[in-house]
Every structure is written in structure tokens, then in C-alpha cells.
Amino acid sequence: MTGHVLITGGAGFIGSHLTDMMLERGFEVTVLDCLSPQVHGDAEMDVDGWPVYLNPGAHRIRGDILDDGVFEGALSGVTHLCHLAASVGVGQSMTNIVDYTRNNVMGAAVVLETLSRVPHTVQRIAVASSMSSYGEGEYRRIDGSAVAPPTRGHDQLARRDWELELEGESLAPVPTSEDKPLQPTSIYAINKRDHEEMFLSVGRALGIPTIALRLFNVYGSRQALSNPYTGVAAIFISRLINDQPPLVFEDGEQRRDFVHVHDVANAFATVLESDLRIWDAFNVGSGQAVSVNEMAFTLAHLLHKNIAPRILEQYRVGDIRHCFADIGKIERVFGIRPERSFEDGMAELIDWVRVARKPTDRSEACLQELSVSKLVV
Ligand SMILES: NC(=O)c1ccc[n+]([C@@H]2O[C@H](COP(=O)([O-])OP(=O)(O)OC[C@H]3O[C@@H](n4cnc5c(N)ncnc54)[C@H](O)[C@@H]3O)[C@@H](O)[C@H]2O)c1
């Protein structure tokens, strides 16, 4: 199936890769993006003010989905919608609560109300949700039973006692499946949960198949390296390129699921192309658990920097210990499996870093800001 896909936030990290892939698959693509300064401020732009990496084959609309008529104006001839536009930053969302909620929740509301109010040709919707909605990942007790533990309390974290326990029993992290109850612990995560539920509920009411993809930690080329609120790989690269140690919360042994942007774009492209009439949420991850320390050492090695991470032994309020994806459901339903290994994905990222503009390291200022707000303890 082909058609005309509108990608909100299409000039961003994930959106630009999805733009390439949808064009390759024969779709007409329109990118709607406000070119947020926090994301694009330090990037290399063309004469018209768009990121140089953005595929020239896509139509471009510069506009904010919150502004009157902008989203409606972009809908002409659109058959597929992929909604990626959002403010993306867990820590920042805890201080800029109004901005995050306005952009993320009201942004989703504008998109959905427009679809329910005006005549249009949209037949299929995909929306970016996030693993952050899970809060803590899934664990097993010693007897093998599954458990979704509450987040760690202040008393435990104040003792620098990082691992999860329940009633004095140590818990073992296991891959997190879509059945785990959502327990978002930040405004961003709450926004993303709302996003997902709003899209699934209105999509169902309108009879438009809608799929929410719960993305795990996405990495790869074109991620905004100078944005201190974005992904950990980009933040660590920015530190290392500037000969500074990556700043690591807790002891660095917390594990995440780093999924390459190619696999994320492939997941969006595949669910958009599919003709399954469903309304559901799916994990998009690599299925591998990698510690934050491993990420820091791998990046230092690949960038030829002999710099060890600085282990802060401090914690970010609301941070979770371990969360990595069970990727069985998306494979069973759509046949989607990760194609990029961690090694290949990291090589793609580093090749791009070598030719990208040198990033400005803003991590210390960001840490200071979070400490002042008592969000880092
Ligand atoms: N990167 C990750 O690890 C990750 C993980 C989970 C979920 N997600 C989700 O994936 C989506 C894309 O993330 P990304 O990493 O590409 O982020 P990004 O910041 O690179 O891209 C987001 C784009 O949206 C645009 N935008 C923001 N608000 C807008 C508005 N009101 N109107 C129009 N454009 C707007 C920005 O200018 C930017 O180009 C987001 O919804 C994010 O929440 C990302």
C-alpha cells in the first residue's frame, strides 16, 4: 500500500529517518514541524532554515500544530498520519510543566479534534508513545512470579541502595511486556501515556486504525547532540567530544534498551503500510539490556577517547532502575524484528558524529538546574 503520509515533527531525529524510509517505499511525504529552537538551534540548516539532513523529496510546512488552522491546512490529500511532534525531555518536563503539557497533550488534542471535525482522507494513524509510561520495568520474584513493583522511595534512594526490592526480597528485572501496568513517574511520561490513550480512543471512535508505538531509548544519527534533555547516547557524545566525562546517575548499572533509529523508522513504516484494522500499543526496542556504563564506555572507545564516565552516585527524582523491552508482540502481529545490532547501530552513529557540527556541551548547566529544583539528589 502507498499513499501520502503527513509526519508531524518530521524534521526531528526520528521523523527525518521515517521521511527517508517512506519516500523509499513510494509514499508522498509531507513534514509539518515548528523547528523548535531547543532541538534545531545548533544544527546545520539550509538557506530556508530547514535541517540539511531533511530529504528534499518531502513537502515541508513550517508551523506549530497548536496554531490555529496549521494542522488542518497540512491535511490536504493525506492518507496516513504519523504524529511525532512533541517536547521530548523527562527531566525538563518536571520544571516546564505547563509548556510540556500544552505542547504534548494539547498538541494531541488539536490533531484529534481536527480529525473528528473536518472532512479528511486519513485512513491510518501511528503515534509515538514511550517506554517512560511504564515507570519501573517488569521484574520477577524468587518464585518466578511476575511483579510490577512501585518506584523506589526517597528513603531507599537516600541510602544509595539502587536495586529493587519487595518486602525484603530482591527482584530480578525481566523484559517488560505491553501488559505491564503503566506507572508514569514524570510529566513527560504522563503526557505520553495521555497521548497514547487519546489517540487510541479517538482513532477507535472515528474508525481509523491507530497504532501507538512505545519507543524505548532511541539512538542514531541526527539526534540533537547539543540538547542536554535528549537521549543518553547523544548527551554522552556531546561530553566526550568536548573531552569531558559522561555524567552518570546512580552507579551506572541501571539497564535500558537502546534501539537504533533505523529500527524505529522501520516499525513506523511497517505499521503504517499494514492493512490490519487494529487499535493497540506495541513496544519498539532492541530486546537487549545494556547498562548506562556500557553505553558510556562503548562510546568513549568508538570515539577514541580515554575518558571514563563520572559516576555521580546521585539520583534523578522519578528515575527508574531497569526497563528493557519484550519485543514479542510487535513481531507476532506485524512481523517486525530489529535489524541493526548494537555494534552496527553505534558505528552508524559514530560515522555521523565525525562529520556533524561539534556539539555544545550543556550537561553541567542542566545538572545544576535539576539540582536547584531538587530533582537531582
Ligand atoms: N528519542 C527517543 O528516545 C524517544 C523515545 C520515546 C518516544 N519518543 C517520541 O518520539 C517522537 C519523536 O522524538 P524525537 O526523538 O525525534 O524528537 P525530536 O525533538 O528530534 O523531534 C521532535 C520534532 O517535533 C517538532 N515539534 C515539537 N513540537 C511541535 C509542535 N507543537 N508543532 C510542530 N512541530 C513540533 C520539533 O521541532 C522536532 O523537530 C516524540 O513524540 C517523542 O516523545 C522518542
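## A buried strand

Thr 210, Ala 212 and Arg 214 point to one side of strand 11, while Ile 211, Leu 213 and Leu 215 point the other way, and all are buried (under 20% relative accessible area with a 1.4 Å probe, protein chains only). In a regular strand, side chains alternate between the two faces of the sheet. Because six of the six residues of strand 11 (residues 210-215) are buried, this strand is largely enclosed by the rest of the structure. Strands here are DSSP E runs of at least two residues and helices are H or I runs of at least four, numbered from the N terminus.

A note on the model: it is predicted, so local features need pLDDT of at least 70 and side-chain atom pairs pLDDT 80 or more, while totals for chains, interfaces and linings use all residues. Residues are numbered from 1 along each chain as its sequence is written, and side-chain values use heavy atoms, leaving out hydrogens and water.

## Its neighbours

Strand 11 pairs with strand 5 in the parallel sense over six bridges (pairing takes at least two DSSP bridges), and Val 127 stands opposite Ala 212. Strand 11 also pairs in the parallel sense with strand 16 (residues 279-284), over six bridges; there, Trp 279 is the bridge partner of Thr 210.

## Around the ligand

The shell divides into 16 nonpolar, nine polar and three charged residues.

A polar side-chain atom of Tyr 188 is 2.6 Å from a ligand oxygen.

Notes
A polar contact is a pair of N or O atoms within 3.5 Å; within protein, one must be able to donate a hydrogen and the other to accept it, and residues adjacent in sequence count only if both atoms are side-chain atoms. Ala, Val, Leu, Ile, Met, Phe, Trp, Tyr, Cys and Pro count as nonpolar, Asp, Glu, Lys and Arg as charged, and the others, Gly among them, as polar. Buried means under 20% relative accessible area, exposed over 50%, partly exposed in between (1.4 Å probe, protein chains only).
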